[in-house]
Amino acid sequence: MSAPPELPEIVQRAFDVCRQAGYVAFCRNETGRLLATLAATRGGTMAEFGTGCGVGTAWLRSGVRNGARILTAELDESLAGAASKIFDDDPKVEVLAADWSVLREHGPFSLLFLDSGTPSEVGVDAVIDLVEPGGIVVLDDFAPCESWPPITYGRVDTLREQWLTDERFTAVEVMVAADASAVIATRR
C-alpha cells in the first residue's frame, strides 16, 4: 500500500514514547492513516479502548477537525502515564488510567476505536450503546480472510462474522496491509 513515509509530528512523538517505555504493541501506520482519515470526518467525542502508549490516539489526533475531542482508556497505569505525556498540553485529548468500561459514563461517541478480541468484550452487544447513531466503530487487528464465513486459526471468526452481519450496523472489512485488516462499522 502506498503512503507518504513522513509521519505526523504527534505520531512520531508517540513512537518515541513507545520506544522509551519498551512497548512494542501499537497501531500500525496503515491503520493509523485510516483512523486519521475517519477522525477528520467526525465531530463530538471519539474514544479508544486500550491506549497502550498512545500511537492509535496520536493517529486519531492527527485527523481531528471541527472541535472534536478524544477520550482514551488504558488499564495499565504506567502505559497510561506514558501516553499522557504525549498529550500534556492538548485539551482535545484525555487519557484515563482505567478499564475501558469507564468510557460508558462518557458516551455515546462519534467514533470508537478498539482492538479485536473476544465477542463478549468487543462484540456488537457490548459496545453498541457507546456509539451514537451514524457513529463509526473501527476494530483493528484482524488477519485478512477471503472465505465466508470468516475462518481464523481453523475456526469461524465469530467476532468478525457478528460485526459484518449485524443489522444495526453497516459494516465492511478493509485490508490495511497484505497481512492486516480492520472492520469498519457505521451505526444505523
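What percentage of the 188 residues of the protein chain count as buried? The answer is 46%, where buried means under 20% relative accessible area, exposed means over 50%, and partly exposed is in between (1.4 Å probe, protein chains only). Keep in mind that this is a predicted model, where local features need pLDDT of at least 70, side-chain atom pairs count only at pLDDT 80 or more, and totals for chains, interfaces and linings use all residues. Residues are numbered from 1 along each chain as its sequence is written, and side-chain values use heavy atoms, with hydrogens and water left out.

**View 1. The whole chain.** You can find 7 helices and 9 strands here; helices (H or I, at least four residues) and strands (E, at least two) are DSSP runs, numbered from the N terminus. The C-alpha trace spans about 45 × 35 × 30 Å along its principal axes. A compact globule of 188 residues would have a radius of gyration near 16 Å, and the protein chain agrees, with 16 Å. That radius is taken over C-alpha atoms, and the globule rule is 2.2 Å times the number of residues to the power 0.38.

**View 2. Helix α2 and its neighbours.** In α2 (residues 29-39), the buried residues are T31, G32, L34, L35, A36, L38 and A39. What do they pack against? Their partners are β1 (45-49), α3 (55-63), β4 (109-115), β5, β8 and β9, with contact meaning heavy atoms within 4.5 Å.

**View 3. Helix α7 and its buried side.** Look for L159, R160 and W163, the buried residues of α7 (residues 158-165). They sit on the same side of α7 because they cover an arc of only 95° around the axis; the arc is that of the directions from the helix axis to the C-beta atoms. Here's the handy rule: an α-helix has 3.6 residues a turn, so residues three or four places apart point the same way. The buried residues of α7 pack against several elements, including α5 (119-122), α6 (124-127) and β5 (131-142). Also among them are β6 (151-152), β8 (169-177) and β9 (180-187).

View 4. A126 lies in helix α6. Is A126 buried or exposed? A126 counts as buried, because its relative accessibility is 15%. Leaving out residues up to four places away in sequence, A126 touches W100, R104, S120 and E121. A126 and S101 are 25 residues apart along the chain, and their C-alpha atoms are separated by 9.9 Å.
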